[in-house]
Amino acid sequence: MCVAVPARIVSVGEPTAASIPAMAESAGSEKTVDLVMVPEAVVGDYVVVHSGYAIRLLSPAEARATLDLLD
């Protein structure tokens with residue numbers, strides 16, 4: 001089973017050729033994520049995170065609805 005959760009980007013680090021490191025917040029905790037699959041993501045955007053990678057952008061409404069279901 002795969003589990004992917006919504007998270008809000010709180011900071012973006014210096015990109016390299018293979019990675020775009022960022023910090024994302026979900027359920028009150030921050031974690032390191034890689035934005036290489038969604039390079040257009042910026043601070044404040046919501047993304048779906050799976051295995052440490054942001055795999056898709058989400059609208060705030062989509063993120064809220066999913067987070068409410070998980071609560």
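Which strand is isoleucine 55 found in? Isoleucine 55 sits in strand E5, residues 53–58 (strands, E, are DSSP runs of at least two residues, numbered from the N terminus). This is a predicted model, where local features need pLDDT of at least 70, side-chain atom pairs count only at pLDDT 80 or more, and totals for chains, interfaces and linings use all residues. Residues are numbered from 1 along each chain as its sequence is written, and side-chain values use heavy atoms, with hydrogens and water left out.

**The nonpolar patch**
- Val36, Met37, Tyr53 and Ile55 make up a nonpolar patch on the surface, with about 340 Å² of accessible area together (by the Shrake-Rupley method with a 1.4 Å probe, only the protein chains shown counting as cover for residues).
- Patches take residues with over 30% relative accessible area and no salt bridge, joining nonpolar side chains (Val, Leu, Ile, Met, Phe, Trp, Tyr) within 5 Å and like charges within 9 Å.
- Isoleucine 55 has 39% relative accessibility, so it counts as partly exposed (between buried, under 20%, and exposed, over 50%; 1.4 Å probe, protein chains only).

**The salt bridges**
- There are two salt bridges in the structure (a side-chain nitrogen of Lys or Arg within 4 Å of a carboxyl oxygen of Asp or Glu).
- One joins the side chains of arginine 56 and glutamate 62, at 3.8 Å, N to O.
- Arginine 56 is partly exposed at 42%, and glutamate 62 is partly exposed at 35%.
- Another links aspartate 68 with arginine 64, at 3.1 Å, N to O.
- Aspartate 68 and arginine 64 are four residues apart in helix H1 (residues 60–70), so about one helical turn separates them (helices, H or I, are DSSP runs of at least four residues).
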